Amino acid sequence: MSKTLTSALEFKTKWLSPLLDWLESLLWHDEYNVDTKSEVYYVFKAYPASLKPSQKADWAKIQARVVNPFVGGDTYYFLSANGVAIWTTAGNFIGLPETAAQDVLADGTHHVSSDHFVYEQHWSAGEMTTCCVLNDKVNDAIALREEPRGYWARHRNIDRWLKKPVTWVMLAGVVFGVLIAWQAGSFVSLALQENQLDQDIAKLEELVGDRLDEQARLQNNQQFISGSLSWQSEVGYLPQALAGVLSELGESRKWQINLIEWQLNVLRVELQMANLNIAELVTKLEQSPLFERVAIRPHANEDTWILEVVAGE
């Protein structure tokens with residue numbers, strides 16, 4: 001029964017072919033048997049110069065049928081880079097012909113012996129151009145060595161698999177899936193890092209929060225003391241103006257002075273006091289002969305006010 005095999009892709013580059021051979025042996029390791037008992041008639045026919053690449057498979061199929069000298073015999077053929085290699089036998093091949101499963105020999109003529117046959121082979125550019133069976137043993141014959149990872153004339157399954165459009169769709173899907181997974185992993189990692197950073201910041205603020213508040217109060221006190229020390233060099237009636245304001249505040253409920261500024265007879269006081277009766281305080285200060293003008297406005301902080309009075313000359 002004649003075997004119709006599709007042509008292998010011409011992946012014969014030095015770096016790609018070994019990789020494909022390795023994948024072939026990994027994925028289809030036990031699929032191929034080697035026929036070591038069938039005597040073969042071998043022919044290698046070079047491609048005609050006018051033959052188009054798309055015509056090679058049909059041309060090789062015709063040549064395999066034409067050169068077979070056996071009626072009802074079996075045929076195996078392989079499309080190499082420069083021609084088609086054809087094995088025929090009177091019976092049926094039980095696997096690959098053993099000379100198709102051997103490794104590539106150096107250019108030139110070689111005598112090769114197997115368990116049952118002695119061959120005379122001629123190799124050129126990695127292709128076996130002639131192979132005939134000898135009747136007598138040869139002293140200088142080398143042992144035929146199979147190359148399981150890359151039979152020189154085996155149609156690789158991976159070549160046929162790569163020719164299918166669905167294969168490239170699957171590969172594109174795998175690549176796309178890997179990219180999506182990588183992006184998702186990066187997003188999750190960044191989210192976890194951001195959450196951990198927020199937690200670390202919260203813990204740090206909790207640890208140093210009280211100290212920062214104490215530092216802010218210390219700075220306010222220092223500013224107050226600094227301002228107080230400079231009062232003696234200021235021109236105007238600061239003591240009288242400040243005494244007039246404090247006297248009115250003294251009659252009120254609990255209060256706190258955060259900041260005092262004095263410049264050109266203008267006294268500004270940052271006053272902290274809850275439930276301040278603004279109208280009453282302004283009225284009392286305006287009735288004092290010490291002040292020409294009185295103004296009060298809310299400050300940024302809660303229950304904090306800016307009181308401004310202009311001392312009279």
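A salt bridge is a side-chain nitrogen of Lys or Arg within 4 Å of a carboxyl oxygen of Asp or Glu. Glu280 and Lys284 meet this way through their side chains, at 3.2 Å from N to O.

This is a predicted model, in which local features need pLDDT of at least 70, side-chain atom pairs count only at pLDDT 80 or more, and totals for chains, interfaces and linings use all residues. Residues are numbered from 1 along each chain as its sequence is written, and side-chain values use heavy atoms, without hydrogens and water.

The structure holds four salt bridges. Three of them are tabulated here.

| Salt bridge | Closest N to O |
|---|---|
| Arg145 and Asp103 | 2.5 Å |
| Arg268 and Glu308 | 2.8 Å |

Helices (H or I, at least four residues) and strands (E, at least two) are DSSP runs, numbered from the N terminus. Glu280 and Lys284 are four residues apart in helix 6 (residues 278-287), about one helical turn. Salt bridges with shared partners join Arg268, Arg293 and Glu308 into one network.

Now the strands. Two strands pair if DSSP finds at least two bridges between them. Strand 11 (residues 266-272) has five buried residues out of seven, so the rest of the structure largely encloses it. Buried means under 20% relative accessible area, exposed over 50%, and partly exposed in between (1.4 Å probe, protein chains only). Strand 10 (residues 256-263) pairs with strand 11 in the antiparallel sense over seven bridges. Strand 13 (residues 304-311) also runs antiparallel to strand 11, joined by seven bridges. Arg268 stands opposite Glu261, and its bridge partner in strand 13 is Glu308. Arg268 is partly exposed at 30%; Glu308 is buried at 13%.
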